Amino acid sequence: MRLIALLVPAVALLTACAPAPTETTLAADGRPLPKVYKIGSGDEARIQYEMLDSVNALRQAAGAQVVQLNPQLNAAAATHSRDMSNQNRPWHFGSDGSSPIDRVRRVGYSGAMLGENISETYETELETLSAWMDQKDTRDVILDRRARDMGFAWYQENGGKIWWTMLMGGGSGFDAPSS
């Protein structure tokens with residue numbers, strides 16, 4: 001009885017300390033408005049490795065070998081993310097007309113560029129990965145069995161919009177299929 005007498009006030013006190021539920025603002029279509037996911041300056045390594053771990057878990061579940069982060073592909077992805085923001089449109093071509101293959105060559109990557117996924121969103125990296133996995137073409141890039149390397153980067157605008165880019169490469173010495 002004494003234990004219950006002590007626990008009830010303790011639970012009440014803890015409940016009072018809990019943050020109040022936040023209201024969700026809805027858009028005209030009834031869906032929640034996006035919340036700004038602010039990426040801090042010290043978050044780069046955490047986000048890249050979180051994405052790498054998630055991609056590798058998906059790849060292993062699909063029977064594909066794991067990939068590793070590649071600094072050259074990361075650089076090409078970062079360049080393209082910033083360029084998409086400057087152009088204010090998500091697409092695979094740079095403002096100078098460059099293709100993903102061109103950008104990968106410019107950074108000195110010696111493997112084959114196998115695919116590029118892009119996104120313009122306010123969503124987190126894992127929400128973006130989930131959206132990519134929901135579409136066959138972007139899922140195929142993530143699960144490409146030839147992939148050995150991954151590049152992943154983003155550019156976040158002051159208003160919070162994030163431009164994500166993921167590149168998958170065939171690894172050093174991998175010969176691209178001839179066209």
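**Burial and packing in the predicted model**

Arg103 is buried, with a relative accessible area of 5%. The structure described here is a predicted model. The residue is located in helix H4, which spans residues 100-106. A polar atom of the Arg103 side chain lies 3.1 Å from the backbone oxygen of His92. When neighbours within four places in sequence are set aside, the contacts of Arg103 are Ala76, His80, His92, Phe93, Gly94, Ser98 and Glu116.

One of these contacts, Glu116, stands opposite Leu167 in strand E4. Strand E2 covers residues 113-121. Seven of the nine residues of E2 are buried, so this strand is largely enclosed by the rest of the structure. E2 and E4 run antiparallel and are joined by eight bridges. Asn117 has Met166 as its bridge partner in E4.

Strand E4 comprises residues 162-169 and is mostly covered, with eight of its eight residues buried. Ile162, Trp164, Met166 and Met168 point one way from the strand. Trp163, Thr165, Leu167 and Gly169 point the other way, and these residues too are buried. Strand E3 (149-156) is also antiparallel to E4, and eight bridges connect the two. Here Met166 of E4 is the bridge partner of Phe152. E3 and E4 form a hairpin with five residues between them. In the turn, Gly160 has a positive phi of about 110 degrees.

Aromatic pairs were then considered. A search of the whole structure finds four of them. Trp91 and Phe93 form an edge-to-face pair, with 5.5 Å from centre to centre and 65 degrees between the planes. Trp91 is partly exposed, at a relative accessible area of 30%, and Phe93 is likewise counted as partly exposed, at 39% relative accessibility. A stacked pair is formed by Phe152 and Trp164, with 5.4 Å from centre to centre and 10 degrees between the planes. This pair links distant parts of the chain, as Phe152 is in E3 and Trp164 is in E4, 12 residues apart. Phe152 and Trp164 are both buried. Ring pairs join Phe152, Trp154 and Trp164 into a cluster.

Among the helices, H2 (44-61) has 18 residues. The distance from its first C-alpha to its last is 26 Å, close to the 26 Å expected at 1.5 Å a residue. The buried residues of H2 are Ile47, Gln48, Met51, Leu52, Ser54, Val55, Asn56 and Arg59. They are covered by elements including strand E1 (68-69), helix H3 (71-87), H5, H6, E3 and E4. After H2 comes Gly63, with a positive phi near 85 degrees.

Helix H6, residues 136-143, has Thr138, Val141 and Ile142 buried. These three residues lie on the same side of H6, because they cover an arc of only 95 degrees around the axis. An α-helix has 3.6 residues a turn, so residues three or four places apart point the same way. The exposed residues Lys136 and Asp137 are carried by the face of H6 turned away from its buried side. The buried residues of H6 pack against H2, E2, helix H5 (125-133) and E4.

How values were computed. Residues are numbered from 1 along each chain as its sequence is written. This is a predicted model: local features need pLDDT of at least 70, side-chain atom pairs count only at pLDDT 80 or more; totals for chains, interfaces and linings use all residues. Side-chain values use heavy atoms; hydrogens and water are left out. Buried means under 20% relative accessible area, exposed over 50%, partly exposed in between (1.4 Å probe, protein chains only). Helices (H or I, at least four residues) and strands (E, at least two) are DSSP runs, numbered from the N terminus. The arc is that of the directions from the helix axis to the C-beta atoms. Contact means heavy atoms within 4.5 Å. The expected span of a helix is 1.5 Å times one less than its number of residues. Two strands pair if DSSP finds at least two bridges between them. A polar contact is a pair of N or O atoms within 3.5 Å; within protein, one must be able to donate a hydrogen and the other to accept it, and residues adjacent in sequence count only if both atoms are side-chain atoms. Rings of Phe, Tyr and Trp (its six-membered ring) pair if their centres lie within 6.5 Å; planes under 30 degrees apart count as stacked, over 60 as edge-to-face and the rest as tilted.
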